[in-house]
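Here is a short briefing on one protein chain. The points are grouped by topic.

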Amino acid sequence: MKKIFGTHNQRGSSLIQVLIVTGVVAIVGASLGTMIVNTVKESRSVAAKSDFNSLVNTIQATLNNTSNCLKAFGGAGAVQLGAYPLPLSLDIGGKKIEPGKYGNALSISKLELTGALPGEGTRQWLARMNLTVNRGNNAGMAVGGAELSKVFDVLITVDESNKIIGCASQNINFWVTTDVISNVAYLAGSVGIGLKTSENVTASLDVKGEFKSNLFRERSDARLKQNVREIASPLERVLKLHGVRYNWKKDFYNRDADQLGLLAQEVEKVFPEAVRTDPVTGTKTVAYENLLAPMVEAIKERQKIIQRQQDEIEEIKRQLVE
């Protein structure tokens with residue numbers, strides 16, 4: 001054993017040294033192989049991203065041009081702004097862009113109008129157009145998400161029958177991977193915090209999670225308001241509100257703590273002014289601060305009833321004494 005492991009052979013190398021060298025060569029070879037595979041994967045991944053960005057830029061350039069934007073929807077009156085989602089097939093320079101295979105690496109899984117908010121003009125809508133592309137998630141692609149998405153905000157003008165008669169894109173948004181929680185998402189001039197990137201930002205500031213502040217102020221200057229009037233039957237309506245204790249569904253907001261609040265569908269029946277329904281998801285939200293005014297008036301109305309009853313009691317007591 002000593003002769004085998006402890007002494008050198010005639011060529012100057014022990015068996016252990018040979019084994020070590022062989023192992024190192026194997027490790028280096030494997031590492032080089034892994035590096036080459038990863039380089040190829042990343043190269044294909046970058047190529048797929050580049051193809052996607054190229055597609056986005058092509059669509060964006062078309063939508064940015066008022067004339068070409070209208071042509072992309074088939075011309076004036078060809079498409080009706082209706083129930084969402086509304087599948088699209090855009091004509092880009094004489095070539096149809098629609099769900100299906102695009103290029104060598106991409107597959108368009110979604111190209112549709114997913115929502116609309118009122119624009120500033122008459123019969124005008126800010127329509128949200130969603131593009132989702134699958135770039136694969138197999139051995140040929142680098143890790144990072146199989147889907148890429150892009151949201152275009154298009155200012156659309158419609159006629160009396162809701163058919164599109166004019167359009168022009170308003171915003172440019174970069175691609176993001178879908179269904180990933182984003183700390184901050186910027187979309188069409190709005191900011192979303194704690195949302196999945198596949199979720200729409202539905203307000204100027206859309207937060208899913210806990211919001212903290214030392215002070216919150218809401219504009220309430222009388223000079224900014226018009227058509228000011230009394231709230232009808234505040235007490236009767238407030239008494240119809242139903243306070244509840246509940247827990248969030250975990251797939252929406254993973255928090256176990258009990259919550260106290262109202263149900264938007266119930267509030268809507270009493271104070272529809274305090275409830276908003278998302279045009280895309282149908283989810284309802286409550287502006288709790290809007291309920292402050294009717295509650296103040298309800299307290300005042302209740303106090304008048306109490307005072308009137310107190311006056312009646314005092315009158316009865318006075319008559320009894322006499």
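Asn 227 is exposed, because its relative accessible area of 58% is over the 50% cut-off. The model is predicted. The chain holds six helices and 16 strands. Of its 322 residues, 28% are buried.

**The loop between E12 and H4**

- Asn 227 belongs to the loop that runs between strand E12 (205-207) and helix H4 (234-238).
- Asn 227 is not a glycine, yet its phi is positive, at about 55°.
- Ser 233 is placed in the loop between E12 and H4.
- The phi of Ser 233 is also positive, about 45°, although Ser 233 is not a glycine.
- Ser 233 has a relative accessible area of 37%, so it counts as partly exposed.
- Lys 208 is another residue found in the loop between E12 and H4.
- Is Lys 208 buried or exposed? Lys 208 is buried, because its relative accessible area of 19% falls under the 20% cut-off.
- Lys 208 and Phe 252 are 44 residues apart along the chain, and 8.8 Å separates their C-alpha atoms.

- Leu 111 sits in strand E5 (residues 106-118).
- With a relative accessible area of 2%, Leu 111 is under the 20% cut-off and therefore buried.
- Which residues does Leu 111 touch, leaving out those up to four places away in sequence? They are Pro 87, Leu 88, Leu 90, Ile 97, Glu 98, Pro 99, Met 129, Asn 130 and Leu 131.
- One of these contacts is Ile 97, which lies 14 residues from Leu 111 along the chain. The C-alpha atoms of Leu 111 and Ile 97 are 8.5 Å apart.

**Contacts along the chain**

**Aromatic rings**

- How many aromatic pairs does the chain have? The count is one.
- Tyr 246 and Trp 248 form this aromatic pair, with 5.3 Å from centre to centre.
- The angle between the planes of Tyr 246 and Trp 248 is 85°, so the pair is edge-to-face, being over the cut-off of 60 degrees.
- Tyr 246 is partly exposed, at a relative accessible area of 22%.
- Trp 248 is likewise partly exposed, and its relative accessible area is 34%.
- A charge over a ring is found at Phe 152. The charged end of Lys 150 sits over the Phe 152 ring, 3.7 Å from the ring centre.

**The second largest pocket**

- How much space lies in the second largest pocket? The volume is about 790 Å³.
- The lining of this pocket consists of 20 residues.
- Arg 229, Ile 231, Asn 290, Ala 293 and Pro 294 are the lining residues that lie nearest the pocket centre.
- Helix H6 (residues 292-321) supplies the largest share of the lining, with three residues.
- By residue type, the lining of the second largest pocket has nine charged, seven nonpolar and four polar residues.

Definitions and conventions: Residues numbered from 1 in each chain as written. Predicted model: local features only at pLDDT ≥ 70, side-chain atom pairs only at ≥ 80, totals over all residues. Heavy atoms only, no water. 1 Å grid on protein atoms, 1.4 Å probe; cavity = no way out; pocket = protein on both sides within 12 Å on 5 of 7 lines; lining within 4 Å. Points joined across faces, edges and corners; volume = space filled by probe spheres on them. Helix = DSSP H or I, 4+ residues; strand = E, 2+ residues; numbered from the N terminus. Nonpolar A, V, L, I, M, F, W, Y, C, P; charged D, E, K, R; others polar. Buried < 20%, exposed > 50% of the residue type's maximum accessible area, 1.4 Å probe, protein only. Contact = heavy atoms within 4.5 Å. Phe/Tyr/Trp six-rings, centres within 6.5 Å; stacked < 30°, edge-to-face > 60°. Lys NZ or Arg CZ within 6 Å of the ring centre and 35° of its normal.
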